[in-house]
Amino acid sequence: MYTIVSANFLAENIKKFEIEAPRIAKKRKAGQFVMLRVGEQGERIPLTIADSDSEKGTITIIAQGAGKTTRELNEKQAGDSINDIVGPLGTPSHIENFGTAVSIGGGVGAAIAYPTAVALKEAGNYVITINGARSKDLVILEKEMNSVSDEAYITTDDGSYGFHGFVTQKLQELIDSGKKIDYVLAIGPIPMMKAVSDVTRPYNIKTVVSLNPIMVDGTGMCGGCRVTVGNELKFACVDGPEFDAHLVDFTNLNDRNKIYRKEEQASDGSYQH
Ligand code: FES
């Protein structure tokens, strides 16, 4: 059992948890994730480690209540516990001093863009962050993103805060302004990551995305998380989750993620009633 030390909503439906997991806290690196099971009978879900404190022995995860398991998780409070947590899993982000690095988080993707922005900053990059959300009340980690950024931008689809438009429009604006960008990391919904990779491709800007396929074991055994990258079959849980955006087959990823949609909706529906 893993005890929840603190739990707070960052926005409607998006909750941040600090959980006691000392061994994971000590080992984890930016870009890695954990697989957790909320209760004994529950499914295992992957969640990126947004932060950790090796002295306190805690890890931070951020979950958006999008289906049965994540909504069940988001009902947990400080003092409750999580049945099991395995990690850290996945290959850590490849971090070096690229020069100017842009870390883009769409929605809850900011939870992953943030730790990588921290690591990019520590490696000596000039860090630009673009934190996008549908509206002002859904913007998360603004303070944290500001603290690691040389330039920080917020975009909202409805213009209620920051730049009115998509993260891709802000990125294009930066490129058009003549800023030399050496590296882009984009994390968020699949259409957003695809759109970012389409913006950077003509300029040959190295672009990395963190993929979110369905995962079962998280250790390379089940094949559930297979993705096509550069016409090769990869397992996101061990070969990724980060991959060269310009080589990812996003259509295949999108189709595979919909495979269990009917079952997911049925399970979510039965949970509500
Ligand atoms: Fe099973 Fe990746 S989740 S191989």
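Colleague: Where in the chain is confidence lowest, and where is it highest?

Modeller: Helix α9 (residues 261–272) has the lowest confidence, at a mean of 54, and helix α5 (residues 167–176) the highest, at 96. These values are pLDDT, the predictor's confidence in each residue, from 0 to 100. Helices (H or I, at least four residues) and strands (E, at least two) are DSSP runs, numbered from the N terminus. Over the chain the pLDDT averages 89, and 93% of the residues score at least 70. The model is predicted, so local features need pLDDT of at least 70 and side-chain atom pairs count only at pLDDT 80 or more, while totals for chains, interfaces and linings use all residues. Residues are numbered from 1 along each chain as its sequence is written, and side-chain values use heavy atoms, with hydrogens and water left out.

Colleague: Why are phenylalanine 98 and tyrosine 183 called a stacked pair?

Modeller: Rings of Phe, Tyr and Trp (its six-membered ring) pair if their centres lie within 6.5 Å; planes under 30 degrees apart count as stacked, over 60 as edge-to-face and the rest as tilted. The ring centres of phenylalanine 98 and tyrosine 183 are 4.0 Å apart and the planes stand at 5°, so the pair is stacked. The structure holds one aromatic pair.

Colleague: What parts does this pair tie together?

Modeller: Phenylalanine 98 is in the loop between β7 (84–89) and β8 (100–106), whereas tyrosine 183 is in strand β12 (residues 183–187), so the pair ties together parts 85 residues apart in sequence.

Colleague: Why is glycine 39 called partly exposed?

Modeller: The relative accessibility of glycine 39 is 24%, so glycine 39 counts as partly exposed. Glycine 39 lies in the loop between β3 (33–37) and β4 (45–53). From C-alpha to C-alpha, glycine 39 and aspartate 84 are 7.9 Å apart in space, although 45 residues apart in sequence.

Colleague: What places lysine 136 over the face of tyrosine 161?

Modeller: A charge sits over a ring if NZ of Lys or CZ of Arg is within 6 Å of the ring centre and within 35 degrees of the ring normal. Lysine 136 lies over the face of tyrosine 161, at 4.9 Å from the ring centre.

How values were computed: Buried means under 20% relative accessible area, exposed over 50%, partly exposed in between (1.4 Å probe, protein chains only).
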